[in-house]
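Here's a quick briefing to read alongside the structure. Have a look at the fold, then go through the points below.

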Amino acid sequence: MQQKVPGTSIPFDGNSLFEKYRPLIEAADGLTLSQVCNLTGLEPSTIQNWVKRHFVSRPVAKKYRERQLARILLISSLRDCMKLEQIGALMTIVNGDADDTSDDIISEEQMYDYLCTVTAQASESNATSSQIPGIVKRVISGYQPTQSDAMQRLESVLTIMTYAYISGLYKKEAERLFNSLTNKE
């Protein structure tokens with residue numbers, strides 16, 4: 001099973017998306033909807049629906065900036081095993097309203113980078129479910145909380161996101177195996 005960068009159609013190489021692609025996003029002053037779709041493998045209507053439902057803030061001059069892309073990637077990473085409303089609630093616990101950065105305890109880009117790092121470390125070490133919280137704690141150990149309960153909220157949300165993302169990988173693999181088994185008969 002070829003692992004992809006969470007929420008994208010890009011093969012995983014151990015690096016986070018934003019470290020690698022930030023200069024491209026900045027140079028182009030954002031990405032168009034078609035570019036975001038190519039990157040994520042999502043349909044335009046899916047992304048537009050997320051914007052319409054306020055899970056993602058509106059593009060500016062028809063361009064998606066880093067924050068919006070990170071939010072799209074987070075939602076895309078989790079949607080195989082979580083309902084959209086649950087994902088939105090998780091994002092709200094950490095960063096409140098998608099259109100308001102003043103209530104954020106962490107940038108979406110950093111949260112996405114943390115998710116990429118945690119899932120990579122979990123995969124590399126063949127971590128069990130009981131080891132995930134420890135990996136999360138180590139990965140976010142350098143985080144500087146902006147509010148008294150920010151570290152605990154981030155830790156809890158990132159642990160849930162990791163479980164959901166890994167569950168989504170297992171679900172896809174189960175579906176692939178099922179389809180190969182039933183197509184043989």
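This is a predicted model: local features need pLDDT of at least 70, side-chain atom pairs count only at pLDDT 80 or more; totals for chains, interfaces and linings use all residues.

Residues are numbered from 1 along each chain as its sequence is written, and side-chain values use heavy atoms, with hydrogens and water left out.

**Overall fold**

- The chain has eight helices and zero strands, taken as DSSP runs (helices: H or I, at least four residues; strands: E, at least two) numbered from the N terminus.
- Along the sequence, that reads α-α-α-α-α-α-α-α.
- The radius of gyration is 16 Å, which agrees with the value near 16 Å for a compact globule of 185 residues; the radius is taken over C-alpha atoms, and the globule rule is 2.2 Å times the number of residues to the power 0.38.
- Along the principal axes, the C-alpha atoms fill a box of roughly 55 × 35 × 30 Å.
- Buried residues account for 44% of the 185 (buried is under 20% relative accessible area, exposed over 50%, partly exposed in between, with a 1.4 Å probe and protein chains only).
- Of the contacts between residues at least 6 apart in sequence, 64% join residues at least 24 apart; contact means heavy atoms within 4.5 Å.

**Helices α2 and α4**

- The axes of α2 (residues 33-40) and α4 (residues 66-78) come within 11 Å and cross at roughly 35°; axes are lines fitted to C-alpha atoms, for helices over the stretch in contact, and angles run from 0 to 180 degrees between N-to-C directions.
- V36, L39 and T40 of α2 meet L69, I72 and L73 of α4.
- That contact set splits into five nonpolar residues, one polar and no charged (Ala, Val, Leu, Ile, Met, Phe, Trp, Tyr, Cys and Pro count as nonpolar, Asp, Glu, Lys and Arg as charged, and the others, Gly among them, as polar).

**Two residues to look at**

- V118 sits in helix α6 (residues 108-124) and counts as buried because its relative accessibility is 0%.
- Setting aside residues up to four places away in sequence, V118 touches I135, V136, V139, L158 and T162.
- V118 and P59 are 59 residues apart in sequence and 29 Å apart in space, C-alpha to C-alpha.
- E66 belongs to helix α4, and at 13% relative accessibility it counts as buried.
- Leaving out neighbours within four places in sequence, E66 contacts F18, R22, I25, E26 and E109.
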